[in-house]
Amino acid sequence: MPATLVLWHPTTQIFAPWIRELKEYEALDCRDTVMASLATEARAKMRSSWHPMHSAQYMWNKSSLANVLLSCLGDRTEMAHSIEARTPFLDHHLTEYVNKLPPSVKLAYSPVQDDEQSEQGPLWKNAGSALQSLKEKWILREAVRPYITDELYKRRKNPFLAPTRWPTGGPLHRLFQRLLTREAVDALGFLDYAVVEEALERAYNLKGDTRAFRTLVYVAAWVTLGERFGVKRANKEDWLKENRTKAASQPFTNGAN
């Protein structure tokens, strides 16, 4: 599984103490949640026939591509600035064709020369030697090579990222301070306010912890949804009662097939 799929997920430490004490959460892994969200047929193919690269691409397309890149860094960013953009590489005919291509034409082994490293930007300079030796979108580069400059042909892909560090006391900081009060966070019932309070401090200081900033975004969304839809406060007693009811409704088996 690509590490970037769970890179920004909040850790289990954000949950209230009563949740962290449950044995069901001792081995909680965000990767299990991601895998469980995928189609059963797709998971079977990952185990039996798909190339690891295609498995990784499938998981990325079903999660970060749709929910982050095309949404937050695509449609929402564009519409916020009155821009209507197009994504030609997402034409379904092209996508269906590219999905059938072998991994060897998507990623090519191409060791970086010493004189190239300084031109690739901080993302690639700080990457490991294995990642630096792979040239992404190889077939696309070769297809357009007659029409582009050498500079573009050799250039490494660099991500477009929205800001994750914002000024202390600015509009976004004040929004979080207004939303993420102890009363609002405690009203959800499943979060530890001390962790949220610490994230608010770490996200807005000289260093600007981006992981803490993401935590604030998650919690702010949960608080907003809870308030607007009148979500009932979570508590241990109701959770245990619901799980006992589920267990009782399961058919009894003695392990025999």
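Reply: A residue is called buried when its relative accessible area is under 20%, exposed when that area is over 50%, and partly exposed in between. The model discussed here is a predicted one.

Me: By that definition, is His173 buried or exposed?
Reply: His173 lies in helix H12. Its relative accessibility is 8%. The cut-off for burial is under 20%, and His173 therefore counts as buried.

Me: Which backbone atom does the side chain of His173 reach?
Reply: Not counting residues up to four places away in sequence, His173 touches Pro167, Thr168, Leu200 and Tyr204. Its side chain also comes to 2.8 Å from a backbone atom, the nitrogen of Gly169.

Me: Where do the buried residues of H12 lie around the helix?
Reply: The buried residues of H12 are His173, Phe176 and Leu179. Seen down the helix axis, they fall within an arc of 135 degrees, so they line one face of H12. Pro171 and Arg178 are exposed on the other side.

Me: Against which helices do the buried residues of H12 pack?
Reply: The residues in question are His173, Phe176 and Leu179. They pack against H13, H14 and H15.

Me: Which element gives the largest share of the largest nonpolar core?
Reply: This core has 25 residues, and those with the most contacts inside it are Phe176, Leu180, Leu216 and Val219. Two or more residues each come from helix H1 (17-20), helix H12 (171-179), helix H13 (182-188), helix H14 (193-203) and helix H15 (210-229). The largest share, 6 residues, comes from H15.

Me: How many residues does the second, separate core have?
Reply: Among the members of this second core are Leu5, Val34, Leu38 and Met46.

Me: What is the C-alpha to C-alpha distance between Leu200 and Leu216?
Reply: Leu200 is in helix H14 and, at 18% relative accessibility, counts as buried. Beyond four places in sequence, Leu200 touches His173, Phe176, Gln177 and Leu216. The contacts of Leu216, counted in the same way, include Phe176, Leu180 and Leu200. Leu200 and Leu216 are 16 residues apart in sequence, and their C-alpha distance is 6.8 Å.

Me: Is Ser82 buried or exposed?
Reply: Ser82 is in the loop between helix H5 (71-80) and helix H6 (92-99). Although it is not a glycine, Ser82 has a positive phi of about 55 degrees. Most residues other than glycine have a negative phi. With a relative accessible area of 71%, Ser82 is exposed.

Me: What is the phi of Lys137?
Reply: Lys137 is found in the loop between strand S2 (134-136) and helix H10 (138-144). At 41% relative accessibility, Lys137 counts as partly exposed. Its phi is positive in a residue other than glycine, with a value near 55 degrees.

Me: For the whole protein, what percentage of the residues count as buried?
Reply: The protein contains 16 helices and 2 strands. Its accessible surface comes to about 18600 Å², of which 57% belongs to carbon and sulfur atoms. Of its 257 residues, the share that counts as buried is 26%.

Note on methods. Residues numbered from 1 in each chain as written. Predicted model: local features only at pLDDT ≥ 70, side-chain atom pairs only at ≥ 80, totals over all residues. Heavy atoms only, no water. Helix = DSSP H or I, 4+ residues; strand = E, 2+ residues; numbered from the N terminus. Buried < 20%, exposed > 50% of the residue type's maximum accessible area, 1.4 Å probe, protein only. Areas by Shrake-Rupley, 256 points an atom, 1.4 Å probe, with all protein chains shown as cover. Core = buried A, V, L, I, M, F, W, Y, C linked by side-chain atoms within 4.5 Å. Contact = heavy atoms within 4.5 Å. Arc of directions from axis to C-beta. Polar contact = N/O pair within 3.5 Å; in protein donor to acceptor, adjacent residues only side chain to side chain.
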